[in-house]
Amino acid sequence: MTSLSAAAAFPDRAAPGNALAEVLASHALLARCAPPLVLAIPRGGVPVALPIARQLNGTLDVLLAHKLRAPHQAELAVGAVDEFGGIFLAEHALALGATGTYLSHETARQRARIQQRRQAYTPGRGAPHVQDRPVVVVDDGIATGATMIAALRAVRRLGATPLIACAPVAARDAIARLSTLADAVVCLETPHPFHTVSAAYNDFVETDDATVIALLAMAADRP
C-alpha cells in the first residue's frame, strides 16, 4: 500500500473510529464474547475509540501508557511505561542516547504524568479490571509501536482475553511486532513508506484533556 494522498486522508479521528467499529462489529474474535472493554490510549485514541465502544455496546475507558521520549527528540519513542508499572524499551534506545540515568529520570517523569491523568480522567477510581474480559486497545495511529506494545503487554499480563489492538493507521513493521502480542490487529491503512501518524489525517489537532474528559462522560451517559 502506498502513502495516503491528501484526498484519502482521514478527515478527523472520529471518521476512522466509525470505520474501525464496522470492522470490529463482525470480527470473529468478538462474535461470541460479552460486549468488550474498549481501552483508548490518551489522548488521541479517545475520539477514535468512542464510536467503537458505541457500535460494540462496550465500555469505554482509558489505558494510560506513555512513551519514553528520546533525548533531544521528544517525538521519537525509545520505549514506553504503563500505569501498571510495566516498562518496554526499544532496541534502539541506547543508540539514541537513552542512558540508564536518562531513562530513570524519564520513566519517573512519565509515571508522574500517568498518575495525574488517571486522577483527572477517572477521579475516584483507578485502572479498569481486565481479567477474563474481551479488550480492544485503541490508538489514533502507530509509528514505532512502543506505546501500544506497553499497553498490550500490560492488559495481557492482567488476563485480558481475547485481546485486539486497533488503529486507523500504522507502520507495517509495527504491525508485525504487535501481532505477536495481540490475538488480532485491526488497522485501516498501512502506508509505505510510513512517515508520521499525522500525515494520515486532514485534521490532526491535538486532543486536550478537557476533550478526553468530555468524551468519557458522553460514553458513560449513554442510554
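The model is predicted, so local features need pLDDT of at least 70 and side-chain atom pairs count only at pLDDT 80 or more, while totals for chains, interfaces and linings use all residues. Residues are numbered from 1 along each chain as its sequence is written.

**The largest pocket**
- Welcome to the largest pocket, which holds about 1,100 Å³ of space (a pocket is an open set of points on a 1 Å grid over the protein atoms alone, where a 1.4 Å probe fits, with protein on both sides within 12 Å along at least five of seven lines; its volume is the space filled by probe spheres set on the points).
- Its lining counts 35 residues, and K67, E75, D140, T147 and F204 are the closest to the centre (lining residues have an atom within 4 Å of a point).
- Domain 1 (13-64 + 129-218) and domain 2 (66-121) each give at least three residues to this lining, with domain bounds taken from an automatic or database domain assignment.

**The second largest pocket**
- The second largest pocket has a volume of about 210 Å³.
- Among its 15 lining residues, L60, R125, L216, A219 and A220 lie nearest the centre.
- Helix α6 gives the largest share of this lining, 5 residues (helices, H or I, have at least four residues and strands, E, at least two, as DSSP runs numbered from the N terminus).

**A strand pair**
- Strands β7 (residues 163-169) and β8 (residues 184-189) pair in the parallel sense over 5 bridges (pairing takes at least two bridges found by DSSP).
- V169 has E189 in β8 as its bridge partner.

Technical notes
Side-chain values use heavy atoms; hydrogens and water are left out.
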